[in-house]
Amino acid sequence: MKKLFPFLLALIVVQSCEEPVEITETMVINQSATVTIEQTNGTAVNFNDVIEGDLNQVISNFNSINDITIDSLSYSFTNLTGNENASIVNAAIEINGIIVADVSDLNIAQEIDNESVFQITDLNVLDQLETSFLNNSAVILNLSGMAISEEGDVSFDIELSMQLTASF
């Protein structure tokens, strides 16, 4: 009995000194959607594109995640073909039903020439996305809006880039 008490005390001290080990994994997710608008003849036309993904495909052991942090989230326009005077009248970029960006009165060619990258920094939006991703591995990206292209057809890509850190 005299030897049992020091052993138990030593065991408690050793266990209390151990810090839990947190494992993190950082990954970048890039998605793009091609939007095609035919010549509009004076009236803006609707566009809508949906891309579906699954975080299980990019995060190993998704079911073991304790926390997800979005380190960066941005979008840009690329690969313009056709009318260089086409513009987006208004548009929304949604991820899992959460509006991450509203766009209006934007000349697509000008933003591509400027190599503009639009950062999403609204902490409320990022927090909502992090919670959404923790509760469901599905990622649904919806691009919708209205565009005008008076001088012929136009096609362009909207690229979304997100860097995540997952903690296990």
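## Strands and how they pair

Two strands count as paired if DSSP finds at least two bridges between them. Keep that in mind as you look around this predicted model. Take β1 and β8, the latter covering residues 154-167: the two run antiparallel, with 14 bridges joining them. To spot one of these links, find M27, whose bridge partner in β8 is L164.

## The open sheet

Now for the wider picture. β1 and β8 belong to an open sheet of 4 strands, and reading across it you meet β1, β8, β3 and β6 in that order. The pairing here is antiparallel. At the edges sit β1, spanning 24-37, and β6, which is just 118-119; each of these pairs on one side only.

There's a helix to look for too. Helix α3, made of residues 123-135, lies across β3 (67-82) and β8. Compare its direction with that of β3 and you get an angle of about 105°.

## The largest pocket

The largest pocket holds about 200 Å³. It is lined by 14 residues, and the ones closest to its centre are I29, Q31, G53, D54 and V139.

Which strands each supply at least two residues of this lining? They are β1, β2 (45-54), β7 (138-148) and β8. β2 gives the most, with 4 residues. Sorted by class, the lining has 8 nonpolar residues, 4 polar ones and 2 charged ones.

Terms used
Residues are numbered from 1 along each chain as its sequence is written. This is a predicted model: local features need pLDDT of at least 70, side-chain atom pairs count only at pLDDT 80 or more; totals for chains, interfaces and linings use all residues. Side-chain values use heavy atoms; hydrogens and water are left out. Contact means heavy atoms within 4.5 Å. Axes are lines fitted to C-alpha atoms, for helices over the stretch in contact, and angles run from 0 to 180 degrees between N-to-C directions. On a 1 Å grid over the protein atoms alone, a cavity is a set of points where a 1.4 Å probe fits but cannot get out, and a pocket is an open set with protein on both sides within 12 Å along at least five of seven lines; lining residues have an atom within 4 Å of a point. Grid points are joined across faces, edges and corners, and a volume is the space filled by probe spheres set on the points. Ala, Val, Leu, Ile, Met, Phe, Trp, Tyr, Cys and Pro count as nonpolar, Asp, Glu, Lys and Arg as charged, and the others, Gly among them, as polar.
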